[in-house]
Amino acid sequence: MAKRDYYEVLGVPRDADAKSLKSAYRRLARQHHPDRNPDDPNAEAAFKEAAEAYQVLCDPEKRATYDRYGHAGLESHGFAVDPSDIFGGLQDILGDFFGGFRRQRADAPTRGADVRTTVTIELADTVEGTTREIDLRHASPCGDCQGTGAAHGEMDRCGRCNGMGRLAVRRGAFVVQVDCPDCQGRGQRAKASCQECEGTGQTIIDRRVRVEIPGGVDHGDTLRVRDEGQEGTRGGPPGHLLVDIRVAQHPHYTRDGDDLVFPLHLSFPQAALGAKLAAPPIRADGEPYEVVAPAGIQPGETLVIAGEGPPRRRGRGRGDLVCVVQVDVPKDLSPKARELIEKLAQSFQG
Ligand SMILES: [Zn+2]
Ligand SMILES: [Zn+2]
């Protein structure tokens, strides 16, 4: 593929000054940066193309050669662009570029991190709601140093990243941004380590939280308990506690939307003649529900015990218990039973 004109690549006029070249390049670099387009090979190519164009045009000598002789002229004058060195001399501008993504200032109030936990409840709890005491063990910012890890919170600007918190490092032909390993992206380093947390900025805390689990919750839901996450630092608000709900399997019932469904087994005579049956209780120690199957009920028909399910997730009231009729066909017949069924069969033919 023919190389595109460098001015066209950057979208600038041929007499563009250094400032407009730089801003055009920064705009393109931001748009196509591999960090932002991890799965897009076109972005990678566009990023390289812009970097190459900028590398040539920001150098007065190379630019003059290119203006006069074009791409071929650069090569014949020894200015061939080495793709592996495409970011040579661009560190300054990339530094600025990454600066645009800098994290919050190290001394700004910071909201605490969310804490996540999982709670397993019984199906009956989804009907009635429940309260759980949850034991949590999690990291939290050290109160002595406000999470900085620095004794008395005293910090110096990090020398390695010059306070940016980020470094541009080469990965193959690319420059990508990474957290500065010396300051973990904070841009600042402790003058001396905090004694309380040994400079980690964090302490492990154990605490117990009381969580109200409302009726109607379902397996896979996440409850957010406000302000029960990690403490914020420097006056920032706390994070939240996220509770992932698991619902233990019930021996009889399964959830279907707002309803609880279970198979109601009837013998053939019960189905034919009608019967009073008991549906199992949801809570193990509860009372069974009385269900009346009318004569002639068919397999797959449902009997509904209204309003005994969990509270509806949308709208008012409660879901139902839905009994799905199954008619059991006997397998091992006694001689007597066999005789009776044969008589029955004859009566059907008659
Ligand atoms: Zn640093
Ligand atoms: Zn500390």
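**Reading the model**

Analyst: Leaving aside neighbours within four places in sequence, Gly73 is in contact with Thr65, Tyr66 and Arg68; contact means that the C-beta atoms of two residues, placed from the backbone, lie within 7 Å. This is a predicted model, in which local features need pLDDT of at least 70 and side-chain atom pairs count only at pLDDT 80 or more, while totals for chains, interfaces and linings use all residues. Residues are numbered from 1 along each chain as its sequence is written, and chains are lettered from A and ligands numbered from 1 in the order in which they are written.

User: In which element is Gly73 placed?

Analyst: Gly73 belongs to helix H4. Helices (H or I, at least four residues) and strands (E, at least two) are DSSP runs, numbered from the N terminus. Gly73 and Lys62 are eleven residues apart in sequence, with 9.5 Å between their C-alpha atoms.

User: Does Gly73 count as buried or as partly exposed?

Analyst: A residue is buried if 20 or more other C-beta atoms, placed from the backbone, lie within 10 Å of its own, exposed if 12 or fewer, and partly exposed in between. Gly73 is partly exposed because it has 15 C-beta neighbours inside 10 Å.

User: How does the length of helix H3 compare with the span that 1.5 Å a residue should give?

Analyst: The expected span of a helix is 1.5 Å times one less than its number of residues. H3 (residues 41-57) has 17 residues and should therefore span 24 Å, which agrees with the 24 Å between its end C-alpha atoms. Helix H8 (residues 335-349) has 15 residues and reaches 21 Å, close to the 21 Å expected.

User: Which residues of H3 are buried, and what covers them?

Analyst: The buried residues of H3 are Phe47, Ala50, Ala51, Ala53, Tyr54, Gln55 and Leu57. Their cover includes helix H1 (6-10), helix H2 (18-32) and helix H4 (60-76).

User: At what angle do H2 and H3 pack?

Analyst: Axes are lines fitted to C-alpha atoms, for helices over the stretch in contact, and angles run from 0 to 180 degrees between N-to-C directions. H2 and H3 pack at about 165 degrees, with axes 9 Å apart. H2 is therefore roughly antiparallel to H3 (angles under 35 degrees count as roughly parallel, over 145 as roughly antiparallel, 65 to 115 as roughly perpendicular and the rest as oblique). On the H2 side, the contact is made by Leu21, Tyr25, Leu28, Ala29 and His32, and on the H3 side by Ala43, Ala46, Phe47, Ala50, Tyr54 and Leu57. By class, this contact has ten nonpolar, one polar and no charged residues (Ala, Val, Leu, Ile, Met, Phe, Trp, Tyr, Cys and Pro count as nonpolar, Asp, Glu, Lys and Arg as charged, and the others, Gly among them, as polar).

User: What is the phi of Gln146, and where is this residue found?

Analyst: Gln146 has a positive phi of about 55 degrees although it is not a glycine. It is found in the loop between strand E2 (130-141) and strand E3 (155-157). Gln146 counts as buried because 21 C-beta neighbours are inside 10 Å. Asn162 has a positive phi near 55 degrees and lies in the loop between E3 and strand E4 (166-171). Asn162, with 13 C-beta neighbours inside 10 Å, counts as partly exposed.
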